[in-house]
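I opened this notebook page to record what I looked up in one structure. The entries follow the order in which I made them.

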Amino acid sequence: MIMVDTHTHLLDSRFNNDRENVIQRAYSNGILSFFEIACDINCWDQALDFSKRENVFISLGIHPTNIFNVNQSDYNKLQTLIRDNDKCIAVGEIGLDYHYHTSLFDKKNQKENFIKQLEIALKYNKRIIIHCRDAYDDMIYLLKEQKNIPKGIIHCFLGNLEESKFFTEAGFLLGINGLVTLQNSKILKQIILKTNLDKIVIETDCPYLTPKKYKNQRNEPSYMIETIKEVAIIKNISISKVAKITTKNALDFLK
Ligand SMILES: [Zn+2]
């Protein structure tokens, strides 16, 4: 079985002591490729370096919770890096996060920063990776307002069925991760059941969102199989079929 982890933060400091072991373990467990997400300005250079490795692709952007001291020169830098690097496949993760940021000012600021980065993606023909937390209404409203939207992944999708349909019909893939293995994931399971597997990619979001089996541990790409197993149960198909189709989706995303 070959798998692609479409959302990693392997450059996170929690991997500093054993990053190479984690990566080797992923390879020996069938992970062919990683999409490393660098969504803090300070991580971009390290991510570019990381992308020199075979089968490592990166996404650069500014996370909605990291936008507060950003200025135009940061955006100029982002544009240049995205334009000049073939292994940078997407802008992201970008989006809206109202979980801790609820003031009108914060929301407006996040929306503006999201649109700015979406436009960079369009300009350089890249995809986007969306982070959306407690903000699906506004995200959908914002996307509907745009003349063009890039294709992309709605990472860690946790909306409702209607919202999932909006995204898949707009050309997005739903990013599904270890959260689906947890007890309280009923709505997500329903959505997976009703969504064509062609519209789903698997991700870990490591070191975050550890599947149930490894509860309280740091997450890593080799645990991705737990999410695939759960999707196979929900859809009542084989694990290898889930892996095959979602891997194809991830590889098509690179085209
Ligand atoms: Zn992430």
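Predicted model: local features only at pLDDT ≥ 70, side-chain atom pairs only at ≥ 80, totals over all residues.

The entries below concern strand pairing, a helix pair and some backbone details.

**Entry 1. Strand β4 and its neighbours.** I began with strand β4, which spans residues 88-97. I counted ten of its ten residues as buried, so β4 is largely enclosed by the rest of the structure. I then looked up its pairing partners. Strand β3, residues 56-60, pairs with β4 in the parallel sense over three bridges. Within that pairing, I found Ser59 opposite Ala90 of β4. Strand β5, residues 127-133, also pairs with β4 in the parallel sense, here over seven bridges. In this case I recorded His131 of β5 as the bridge partner of Gly95. I next followed the chain from β4 through helix α4, residues 104-123, to β5, and these elements make a right-handed β-α-β unit.

**Entry 2. Peptide bonds.** I reminded myself that most peptide bonds are trans. Which residues does a cis peptide bond with omega of about 0° join? I found Gly92 and Glu93, and Glu93 lies in strand β4. I also recorded a cis bond from Cys206 to Pro207, with omega near 10°. Pro207 is placed in the loop between β8 (200-202) and α8.

**Entry 3. Positive phi angles.** I checked phi next, given that most residues other than glycine have a negative value. Asn125 is not a glycine, yet its phi is positive, at about 60°. I located Asn125 in the loop between α4 and β5. Is Asn125 buried or exposed? Asn125 has 9 other C-beta atoms within 10 Å, and 12 or fewer count as exposed, so Asn125 is exposed. Asp134, likewise not a glycine, has a positive phi of about 55°. I placed Asp134 in the loop between β5 and α5 (136-145). I counted 14 C-beta neighbours inside 10 Å for Asp134, which therefore counts as partly exposed.

**Entry 4. Helices α7 and α8.** I noted the crossing of α7 and α8 as right-handed. For the contact itself, I listed Lys189, Ile192 and Leu193 in α7, which meet Val231, Ile234 and Lys235 in α8.

Definitions and conventions
Residues numbered from 1 in each chain as written. Buried ≥ 20, exposed ≤ 12 C-beta atoms within 10 Å, placed from the backbone. Helix = DSSP H or I, 4+ residues; strand = E, 2+ residues; numbered from the N terminus. Pairing = 2+ DSSP bridges. Right-handed = clockwise from strand over helix to strand, strands pointing away. Left-handed = near helix turned anticlockwise from the far one by under 90°. Contact = placed C-beta atoms within 7 Å.
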